[in-house]
Amino acid sequence: METIIIIIFVAGYLAITLEHNLKIDKLIPALAMMAILWAIIALTHMPVFEVNADLKELEPSHIDEMLLHHLGKTAEILVFLLGAMTIVEIIDYFDGFATIKGYIRTKKKSKLLWLFSILAFILSAIIDNLTATIVLVTILQKVIKDRELRLWFAGMIIIAANAGGAWSPIGDVTTTMLWIANKVSAWQLIEHVFIPSVVCMVVPVLFALRYKVFQGEIEGDLEEKEIPKSPYGATMLYLGLGSIVFVPFFKTITHLPPYVGMMLSLAIVATFAEIYSNAKFSISSVDAVSDEAAHHSPVHSSLSKIELPSILFFLGILLAVAALESLGMLFEFAEVLDKTMPMMGSESMGQSVSDLVIMILGVGSAIIDNVPLVAASMGMFSIPMDDSVWHFIAYSAGTGGSMLIIGSAAGVVAMGMEKIDFFWYFRKIAWLALVGFVSGAACFILIRNLVLNA
């Protein structure tokens, strides 16, 4: 029966990976796989276990208890993401991201490359790498008219956004998963992964600057002024970003789960959104706008734009991986890895994990989705919180996806917005992402060994 379980999981995994070829949204195989796996466990009365991280052993449990346990852990992540997505959509409702365009004052390509890369690195750490990519590619389309040049910039934005998301607990779904699951703390994650992530962003930019395409100045005029859609755009941008950054502080002070802080931040941002929305309609002429449209809540509007397919995908894939974890398969697989893979450094608290295994995880995230890979690693390794293994997994899974255009959410959305060809990206950008990934990994290992040996 375990063989059937593995076959179903692999088939579902392949369907998720090949969603563009099959033209089937990945949420469908994820939800189907999750439901079928748990149905088989229930109908065949397969034994389920809970991993005792302290004793590093499996303890028998009941399917109802395990489902409720894993649903609770998954719901924490989904509620957190819902709050963050809503805040971002509220900022966009007031056209707050247009404020960022005001920072662009140069026509020199090399300076623009640094500017977009740094903006992607910083923004992705706050509003996640997917949203940062959407914002910056939208601005890019207004600044650079030459499509070939724009493709190069979009490729570098993907690398920088993924690097920026890796060191922040709110910058990528995978780091958020590790943070909420108490595998890493916010400050330790930043302390250990920030410098390697900077290296992962800077090294590709330095290599890219040698290309002729990034030399000289862009054509056109940067001084075009757009009429702002709302006078409160800048205020909502800073309020929204500040409220998201506030969440780790709230968790540190109260020791409550991150989604509680995110809900408080959402309530604050939504309050100001309603106040500003009412003020806008009270000072504007009614014209032909109906009362219903005029008083439409910005919060309701923002909630209607949330990417629910992504939320359902995370629900399906996380509970599908939880099924394998409950059967003890991931725990057993981790033991096999420990015995067969050469040890290359990470060793602590009586358990060690090969750096090679973690780097393979990073490369694998370029081919298949990094969310199930990290979810699997969380079930495989019984390692204490803030062990360097978890920090290296956060780095590898977050940045490794840059090596292929389909390897990260940032890459996929840029691919859709700019119609980037898979093979063009593979020829032009992939090697830059690989150099950045390896450079950052080497930096992480060097820093970790220096700290351990000190």
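**The nonpolar patch and what lies inside**

Mentor: Helix H10 gives the nonpolar patch its largest share, four residues. Before we go on: this is a predicted model, where local features need pLDDT of at least 70, side-chain atom pairs count only at pLDDT 80 or more, and totals for chains, interfaces and linings use all residues. Residues are numbered from 1 along each chain as its sequence is written, and side-chain values use heavy atoms, leaving out hydrogens and water.

Now find Trp187, Val245, Phe246, Phe249, Ile253, Leu264, Ile268 and Phe272, which together make a nonpolar surface patch of about 700 Å². Two elements, H10 (233-254) and H11 (258-283), each give two or more residues to that patch. (Helices here are DSSP runs of H or I, at least four residues.) Zoom in on Phe272, which sits in H11. Phe272 is partly exposed, because its relative accessible area is 34% (buried is under 20%, exposed over 50%, partly exposed in between, with a 1.4 Å probe and protein chains only).

For contrast, look at helix H18 (388-400). Here 13 of the 13 residues are buried, so H18 is largely enclosed by the rest of the structure. Leaving aside residues up to four places away in sequence, Ser168 touches Ala125, Thr175 and Leu189 (contact means heavy atoms within 4.5 Å).

Searching the whole structure turns up two salt bridges (a side-chain nitrogen of Lys or Arg within 4 Å of a carboxyl oxygen of Asp or Glu). In one of them, the side chains of Arg150 and Glu418 meet at 2.7 Å, N to O. Arg150 belongs to H7 and Glu418 to helix H19 (409-418), so this pair ties together parts that are 268 residues apart in sequence. Arg150 and Glu418 are both buried.

Arg448 and Asp355 also meet through their side chains in a salt bridge, 2.9 Å from N to O. That pair links distant parts of the chain: Arg448 is in helix H21 (430-453) and Asp355 in helix H16 (355-367), 93 residues apart. Arg448 is buried, with a relative accessible area of 5%, and Asp355 counts as buried because its relative accessibility is 0%.

Note on methods
Patch = residues over 30% accessible without salt bridge, like charges linked within 9 Å, V, L, I, M, F, W, Y side chains within 5 Å. Areas by Shrake-Rupley, 256 points an atom, 1.4 Å probe, with all protein chains shown as cover. Expected span 1.5 Å × (residues − 1).
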